[in-house]
Amino acid sequence: MKKLNGISKINIAVFISGRGSNLKNLIKYSFADNSKFKIALIITDNSKALGLKFAKKFHIKKKIVNFDKTNLVEKNLIIVLKKYKIKIICLAGFMRILSNKFIKNFNGKILNIHPSLLPKYKGLNTHLRAIKNKDEYSGCTVHFVNSKLDSGKIILQKKVKIFKKDTPKSLASRILTQEHAIYPKAVKKIISNL
Ligand code: GRF
């Protein structure tokens, strides 16, 4: 734990593959006066990820990792995570599945945000599937990561109403607002139980 302004902070690494709006939002929360965490590292599998601009903007260390060479890469990544004293990993639009070995070797918590009310709609195209099935609600879920896709224990969920006129895009945008509300809350909850 690092002491910043007299407050002990938990170091978090955020893994992204794209836009990085959840990353930006977590960074924003980490700057709040009473925040208990610091985003100490950004990891991506995509050198063109738009979210990497936040590493530059907020002076956060970043690493671009070639996850195709899984074994060696994950082994090295564990070393880097230890070096940065990372206690929690937040996956935020990270489009890779981490190996069971990595999950076990990282002696900490790994969280993910998923745009559906899990266990409904694991995987991709969640908004389209919810609309096609004429569901009344969709939403988002923060959960622990285990070896099965989008299947770990649920930490927080938020329901979002689906309107008749909704398209996957309009629904995604309303759900994203709720993602930004619940991810920092879930992180706080996990930290308070550490
Ligand atoms: C979010 O909808 C998240 O739930 C899903 O991927 C999207 C990532 O968005 N896993 P962003 O990169 O955080 O903007």
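Tutor: Let's begin with a term: a residue is buried when its relative accessible area is under 20%, exposed when it is over 50%, and partly exposed in between (1.4 Å probe, protein chains only). This is a predicted model, where local features need pLDDT of at least 70 and side-chain atom pairs pLDDT 80 or more, while totals for chains, interfaces and linings use all residues. Residues are numbered from 1 along each chain as its sequence is written, and side-chain values use heavy atoms, without hydrogens and water.

Student: Which residues of α1 are buried?
Tutor: Helices (H or I, at least four residues) and strands (E, at least two) are DSSP runs, numbered from the N terminus. α1 is mostly covered, with seven of its 10 residues buried. They are S21, N22, L23, N25, L26, I27 and S30.

Student: How much space lies in the largest pocket?
Tutor: On a 1 Å grid over the protein atoms alone, a pocket is an open set of points where a 1.4 Å probe fits, with protein on both sides within 12 Å along at least five of seven lines. Its volume is the space filled by probe spheres set on the points, which are joined across faces, edges and corners. For the largest pocket, that comes to about 910 Å³.

Student: Which residues that line the largest pocket are closest to its centre?
Tutor: A lining residue has an atom within 4 Å of a grid point. There are 36 of them here, and those closest to the centre are G93, F94, M95, I113 and P115.

Student: Which element gives the largest share of that lining?
Tutor: α1 (21-30), β6 (109-114), α5 (126-132) and α6 (168-192) each supply at least two residues. The largest share, five residues, comes from α6.

Student: What is the angle between the planes of F15 and F102?
Tutor: Rings of Phe, Tyr and Trp (its six-membered ring) pair if their centres lie within 6.5 Å; planes under 30 degrees apart are stacked, over 60 edge-to-face, and the rest tilted. The structure holds five aromatic pairs. F15 and F102 form a tilted one, 6.5 Å centre to centre, with an angle of 55°.
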